[in-house]
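Reader: Could you walk me through how to read salt bridges and burial in a model like this one?

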Amino acid sequence: MTEAVPNFEGLLREALAPVEPPADLVERLESTLTSITEMAADELEAWELSAMRDPRNWVRPAAALVVGGTAAGALVLLRARRRAHTSAGGLDGVRESAERAIQDLGRETRKLFGDR
């Protein structure tokens, strides 16, 4: 009686085949990060300073600060990375690319936090 021997190499190749992400993934991620940042900012705006006396009230603002800051940072990096991919690169313009990336990060940070 012969048992069927599984083709492990073929199964691994099939399981580990590269998968292309959806075309609108970046836009969906950006909109989600934007909404999280805005919700965290709204939570922090609604927090009353008089509630600072009771440490039990610190959880929501602290969570909003951490989650909102992380989402804002990820959004800044996502937008800067998208701009870096659209611009031409090369060894000649390494310094210019770095300067442009720093300017983009500053611009995106001001855009996110400037009107708050």
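Author: Let's begin with E30, which is buried at a relative accessible area of 16%; buried means under 20% relative accessible area, exposed over 50%, and partly exposed in between (1.4 Å probe, protein chains only). This is a predicted model, where local features need pLDDT of at least 70 and side-chain atom pairs count only at pLDDT 80 or more, while totals for chains, interfaces and linings use all residues. Residues are numbered from 1 along each chain as its sequence is written, and side-chain values use heavy atoms, with hydrogens and water left out.

Reader: Which residue forms a salt bridge with E30?

Author: A salt bridge is a side-chain nitrogen of Lys or Arg within 4 Å of a carboxyl oxygen of Asp or Glu. Here the partner of E30 is R79, with the closest N and O atoms 2.9 Å apart. E30 lies in helix α2 (residues 25–46) and R79 in helix α3 (residues 59–86), so the pair ties together parts that are 49 residues apart in sequence. Helices are DSSP runs of H or I with at least four residues, numbered from the N terminus. R79 counts as buried too, at 15% relative accessibility.

Reader: How many salt bridges does this rule give?

Author: The count is five. Among them is E9 with R13, at 2.7 Å from N to O. Both residues sit in helix α1 (residues 8–15), four residues apart, or about one turn of the helix.

Reader: Are E9 and R13 buried or exposed?

Author: Both are exposed. Another salt bridge joins D24 and R28 at 3.6 Å, N to O. There, D24 is partly exposed at 36% relative accessible area, and R28 is partly exposed at 42%.

Technical notes. Helix = DSSP H or I, 4+ residues; strand = E, 2+ residues; numbered from the N terminus.
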